[in-house]
Amino acid sequence: SPIHAVYLGGVVTVEKCELKGTSTDLQVEASIPLDRARSFRASATGNIDLHLIQLLYPEWDSAGQVRLDVAAEGALAQPSVHGTVRVIDAVVQPPRAPLGAQKLNAEFAIHNGRIDIQSFTGEVGGGTLSAQGFATFQPAVQFNLRLSAKEVRLRYPVGTRAVLDGNLLLTGSRDSALLSGRVVIDRVSLTRD
């Protein structure tokens with residue numbers, strides 16, 4: 001639908017508009033002051049086709065959906081963001097990466113500067129992957145994330161095949177993070193080269 005923007009009293013208001021395409025239907029609205037000291041508000045709801053990743057990165061393989069219901073308001077420097085983001089049957093395979101993800105389904109809740117993983121499962125290298133935990137982005141970036149993998153096949157480096165199970169925990173901040181846990185190599189094979 002048409003995008004209408006109104007400028008009045010130092011505030012740019014984008015009236016509710018709809019962006020539509022193949023498997024994508026997104027409604028967006030916002031009110032943004034040009035004076036950074038004043039409060040803004042914005043919201044986005046709808047579906048985004050992950051195939052759009054290929055517009056930015058043509059060599060990637062991607063599919064699936066992201067469902068948004070997110071709103072933000074307050075000061076631009078520290079907005080209050082809340083809502084949910086759902087990933088549905090996603091496929092993401094970067095080129096030359098040893099692993100890609102398939103059948104990725106996840107739900108994230110955003111509230112008071114924190115993102116909680118409500119659910120996160122997928123297939124990686126023919127095995128299963130799950131995650132739990134949270135990350136904060138206000139007042140500072142901190143995280144507590146647990147990743148579990150079962151029967152993941154890894155073909156890296158070239159000529160090596162391994163089947164892995166693992167439980168990893170990543171905690172801390174951008175400046176001081178700790179990765180701990182255990183990775184078990186169930187099977188490994190090497191080519192003559």
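## Thr 24 and its surroundings

Leaving aside residues up to four places away in sequence, Thr 24 touches Leu 19, Asn 47, Ile 48, Asp 49 and Leu 52, where contact means heavy atoms within 4.5 Å. The model is a predicted one, in which local features need pLDDT of at least 70 and side-chain atom pairs count only at pLDDT 80 or more, while totals for chains, interfaces and linings use all residues. Residues are numbered from 1 along each chain as its sequence is written, and side-chain values use heavy atoms, with hydrogens and water left out.

Thr 24 belongs to strand β3; helices (H or I, at least four residues) and strands (E, at least two) are DSSP runs, numbered from the N terminus. With a relative accessible area of 14%, Thr 24 is buried, a term that means under 20% relative accessible area, as against exposed over 50% and partly exposed in between (1.4 Å probe, protein chains only). The side chain of Thr 24 also reaches the backbone nitrogen of Asp 49, at 3.0 Å.

## Overall form

The protein has one helix and 12 strands, and along the sequence these follow the pattern β-β-β-β-α-β-β-β-β-β-β-β-β. Its radius of gyration (taken over C-alpha atoms) is 21 Å, well over the 16 Å that the globule rule (2.2 Å times the number of residues to the power 0.38) gives for 193 residues, so the protein is more spread out than a compact globule. The C-alpha trace spans about 70 × 40 × 25 Å along its principal axes, and 28% of the 193 residues count as buried.

## The sheet and its hairpins

An open sheet of 12 strands runs in the order β1-β2-β3-β4-β5-β6-β7-β8-β9-β10-β11-β12, with antiparallel pairing; two strands pair if DSSP finds at least two bridges between them. The edge strands, each of which pairs on one side only, are β1 (5–8) and β12 (177–190).

Strands β2 (residues 11–21) and β3 (residues 24–33) pair in the antiparallel sense over nine bridges, and they form a hairpin with two residues between them, in whose turn Ser 23 has a positive phi of about 60°. Ser 31 in β3 is the bridge partner of Thr 13, and Ser 31 also has Arg 41 as its bridge partner in β4. Strands β3 and β4 run antiparallel and are joined by seven bridges, forming a hairpin with six residues between them. Further along, β4 pairs with β5 in the antiparallel sense over 10 bridges, and Ile 48 stands opposite Val 66 in β5.

Not counting residues up to four places away in sequence, Val 85 touches Val 66, Arg 67, Leu 68, Val 70, Ala 106, Glu 107, Phe 108 and Ile 110.

## Asp 165 in β11

Asp 165 has its place in strand β11 (residues 160–173) and counts as buried at 14% relative accessibility. A polar atom of the Asp 165 side chain lies 2.6 Å from the backbone nitrogen of Glu 151. Beyond residues up to four places away in sequence, Asp 165 touches Ala 149, Lys 150, Glu 151, Arg 182, Val 183, Val 184 and Asp 186.

Technical notes:
A polar contact is a pair of N or O atoms within 3.5 Å; within protein, one must be able to donate a hydrogen and the other to accept it, and residues adjacent in sequence count only if both atoms are side-chain atoms.
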